[in-house]
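Here is a friendly note to read alongside the structure. Please keep the view open as you go through the points.

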Amino acid sequence: NQSGSLSMLVWVSVQVFGCWEQCQPGGLGVMFLLLFECALIVLDGLQTTVRYCLHVINQQRDGQWEQRALYTFYSELVFDLVHHCLSLSHFLHVWLVHGLSFTLTDALLFLHTRAVLNNIRLKLTSFRTFLTMDR
C-alpha cells in the first residue's frame, strides 16, 4: 500500500526531525515547508524505481527493446517537470509564508525561481524538439 507507506514516511520524518511541536502552532504551512525535502526524496525514489523497471524490461528482452529510449525520455521528462514544479511551488510558498521583502534571502529565492523557470522552459523546448523529430 503506497499511500500508507508515504504517510508513514511523512510521520517518521516529522518525528525524526523533531519539528512536530514547532509545526503545530504554525499549522500546515510550516509543515509543508519542512516536508519539501521529503517529497523530493520520495520523487527521486520513484524515478529510480521507474528507471530500474525499464532496465529490467530491457534485460528480459535481451537488450533489444526498441521502445526503451521513448519510455526513458518520457519518464525523465515527467519526473523532472514534477521536480521543478515542486521547487517552484516551494519557493512561492516560502514567499507566501514569510512575505516579500528586499533582503538577500529574497534575492536568492528570486534567482533560484528564475533558474527553475529556465529549466522548465528548457525541458519543454527539448520536448517540442523531440516531437518535431519524431514525426
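The points below go from the overall picture to single residues.

1. A word on the basis first. This is a predicted model, in which local features need pLDDT of at least 70 and side-chain atom pairs count only at pLDDT 80 or more, while totals for chains, interfaces and linings use all residues. Residues are numbered from 1 along each chain as its sequence is written, and side-chain values use heavy atoms, with hydrogens and water left out.

2. The overall picture is helical: the protein has 6 helices and 0 strands, in the order α-α-α-α-α-α along the sequence. Here helices (H or I, at least four residues) and strands (E, at least two) are DSSP runs, numbered from the N terminus. Of the 135 residues, 24% are buried; buried means under 20% relative accessible area, exposed over 50%, and partly exposed in between, with a 1.4 Å probe and protein chains only. Among contacts between residues at least 6 apart in sequence, 62% join residues at least 24 apart, a contact being heavy atoms within 4.5 Å.

3. Do look at helix α4 (residues 36-60) and helix α5 (residues 68-98), whose axes come within 11 Å and cross at roughly 180 degrees. The two are therefore roughly antiparallel. Axes are lines fitted to C-alpha atoms, for helices over the stretch in contact, and angles run from 0 to 180 degrees between N-to-C directions; under 35 degrees counts as roughly parallel, over 145 as roughly antiparallel, 65 to 115 as roughly perpendicular and the rest as oblique.

4. Which residues make this contact? On the α4 side they include Phe36, Leu40, Leu43 and Gln47, and on the α5 side Tyr71, Thr72, Phe79 and Val82 are among them. The residues of the contact divide into 10 nonpolar, 8 polar and 5 charged. In this grouping Ala, Val, Leu, Ile, Met, Phe, Trp, Tyr, Cys and Pro count as nonpolar, Asp, Glu, Lys and Arg as charged, and the others, Gly among them, as polar.

5. Helix α4 itself has 25 residues and reaches 36 Å from its first C-alpha to its last, close to the 36 Å expected at 1.5 Å a residue. The expected span is 1.5 Å times one less than the number of residues. Its buried residues are Phe36, Cys38, Leu40, Leu43, Gln47, Leu54 and Asn58.

6. Helix α6 (residues 104-134) passes the same kind of check: its 31 residues should span 45 Å, and its end C-alpha atoms are 45 Å apart, which agrees. Asp106, Leu109, Thr113, Val116 and Ile120 are buried in α6, and what covers them includes α5.

7. How many salt bridges are there? The count comes to 2, with a salt bridge taken as a side-chain nitrogen of Lys or Arg within 4 Å of a carboxyl oxygen of Asp or Glu. One joins Glu76 and Arg51, with the closest N and O atoms 2.7 Å apart. Glu76 lies in α5 and Arg51 in α4, so this pair ties together parts 25 residues apart in sequence. Glu76 is buried at 18% relative accessible area, whereas Arg51, at 45%, is partly exposed.

8. Lys123 forms a salt bridge with Asp80, the closest N and O atoms being 2.9 Å apart. This pair links Lys123 in α6 to Asp80 in α5, 43 residues apart. Lys123 is partly exposed, at 25% relative accessible area.

9. Asp62 has a positive phi of about 55 degrees although it is not a glycine. Most residues other than glycine have a negative phi. Asp62 is exposed, with a relative accessible area of 64%.
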